[in-house]
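Please examine the sequence and the three-dimensional view before reading on.

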Amino acid sequence: MRAVSKNIGIRREVANLVMRYNWLSPEDGKRMLGWLACALLGSSLKHRPHVWLSGYPGKSWFMEHVQGVLHQHRYDFHDSPARYKARKGVLPPQVIDMADYRDTDNQIIVHDHRQVKKVIDACRAASGHFQHCGIYGPLCFSACLISWNQPDLTRYQTRQFAPVRLRDEWPYDEFSRYEAETKSILGDMGLALDLQNSILHCAEEIAELAVRLEHKAALDGSDGPHQVEINAIRGSLSAGWQWWSGTDELLGYWKGERLICGDPE
């Protein structure tokens with residue numbers, strides 16, 4: 001990437017900070033970093049990836065103190081799927097909270113499930129990799145859905161979401177130290193805004209890299225529709241991760257961290 005040397009020191013510092021969050025695995029943190037970059041690029045990307053953040057504790061804190069700071073002035077927050085309304089055109093990152101649709105007995109709440117499904121359909125239409133937008137018309141955005149648990153999506157639905165998962169426990173003293181470090185680094189809103197502007201400045205390069213990495217991902221998987229679409233997500237998120245880290249790493253698969261080819265459609 002031609003602009004990889006610009007701000008690379010602070011990029012890596014922020015990337016290291018994010019990677020030390022309470023992720024279930026390092027891949028979860030890398031996917032989130034990839035999304036934090038890609039979500040700002042809108043129509044520059046051939047394929048706009050979406051992520052589904054789940055777990056407890058820490059979802060809301062991360063979105064407020066990291067995502068919200070890095071995406072300042074350039075994202076829309078919806079406190080529930082019911083509050084989300086599909087809008088045509090190029091939109092900033094869309095963050096949709098409370099995307100749970102099961103009760104404490106793990107039974108589906110029909111009304112909530114219906115609302116979440118509408119958001120899922122809109123996200124698919126907004127991804128840009130597909131020819132048909134259904135009832136939504138031309139949409140263009142990257143989204144982060146937030147829930148307590150990773151949902152039991154159909155294989156069709158998993159073609160547009162990459163999971164980002166948190167661990168179930170985080171000792172308070174460890175969180176307190178992390179909170180203080182985050183404030184010392186990202187408390188400077190000017191620095192965070194400089195990073196945001198740097199991502200936007202590199203939009204063309206990140207988009208070109210995403211296409212190359214999508215093709216690279218295709219070399220280690222099948223050419224079935226499920227695999228093709230997941231490779232598109234991997235390419236975009238990998239490009240975003242490389243922007244932060246300065247590495248040349250292609251992110252892995254997220255179903256048990258193994259190839260999905262051979263799984264039934």
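The sections below describe the sheet, the helices packed on it, and the aromatic rings of this predicted model.

## The central sheet

Five strands form an open sheet in the order β2-β4-β6-β1-β7, and their pairing is parallel. At the edges stand β2 (76-78) and β7, each of which pairs on one side only. Ignoring direction, neighbouring strands of this sheet are turned against each other by 20 degrees on average.

The pairing of β1 with β7 can be followed in detail. These two strands run in the parallel sense and are joined over five bridges. Val 51 stands opposite Ala 162, a residue of β7.

## Helices on the sheet

Two helices may be described in relation to these strands. Helix α3 lies across β1, β4 (94-96) and β6, and runs at about 150 degrees to β6. Helix α4, made of residues 110-126, packs on the sheet and touches β1, β4, β6 and β7. The direction of α4 makes about 145 degrees with that of β1.

## Aromatic pairs

A search of the whole structure finds 14 aromatic pairs. One of them joins Tyr 56 and Trp 148, whose rings are stacked at 4.9 Å centre to centre, with 10 degrees between the planes. Tyr 56 belongs to the loop between β1 (50-54) and α3 (59-70), while Trp 148 belongs to the loop between β6 (143-147) and β7 (161-165); the pair therefore ties together parts that are 92 residues apart in sequence. Tyr 56 counts as partly exposed because its relative accessibility is 47%, and Trp 148 counts as partly exposed because its value is 49%.

Another arrangement is seen for Trp 243 and Trp 244. Their ring centres are 5.0 Å apart and their planes stand at 85 degrees, so this pair is edge-to-face. Trp 243 has 0% relative accessibility and therefore counts as buried. Trp 244 is also buried, with a relative accessible area of 1%.

Ring pairs also link several residues into a cluster, which consists of Tyr 21, Trp 23, Trp 61, Phe 62, Trp 170, Phe 175 and Tyr 178.

## Charges over rings

Two of the tryptophans described above also have a charged residue over the ring. Which residue lies over the face of Trp 243? It is Arg 11, at 3.9 Å from the ring centre. In the case of Trp 148, the charged end of Lys 59 sits over the ring, 5.0 Å from its centre.

Methods
Residues are numbered from 1 along each chain as its sequence is written. This is a predicted model: local features need pLDDT of at least 70, side-chain atom pairs count only at pLDDT 80 or more; totals for chains, interfaces and linings use all residues. Side-chain values use heavy atoms; hydrogens and water are left out. Rings of Phe, Tyr and Trp (its six-membered ring) pair if their centres lie within 6.5 Å; planes under 30 degrees apart count as stacked, over 60 as edge-to-face and the rest as tilted. Helices (H or I, at least four residues) and strands (E, at least two) are DSSP runs, numbered from the N terminus. Buried means under 20% relative accessible area, exposed over 50%, partly exposed in between (1.4 Å probe, protein chains only). A charge sits over a ring if NZ of Lys or CZ of Arg is within 6 Å of the ring centre and within 35 degrees of the ring normal. Two strands pair if DSSP finds at least two bridges between them. Axes are lines fitted to C-alpha atoms, for helices over the stretch in contact, and angles run from 0 to 180 degrees between N-to-C directions. Contact means heavy atoms within 4.5 Å.
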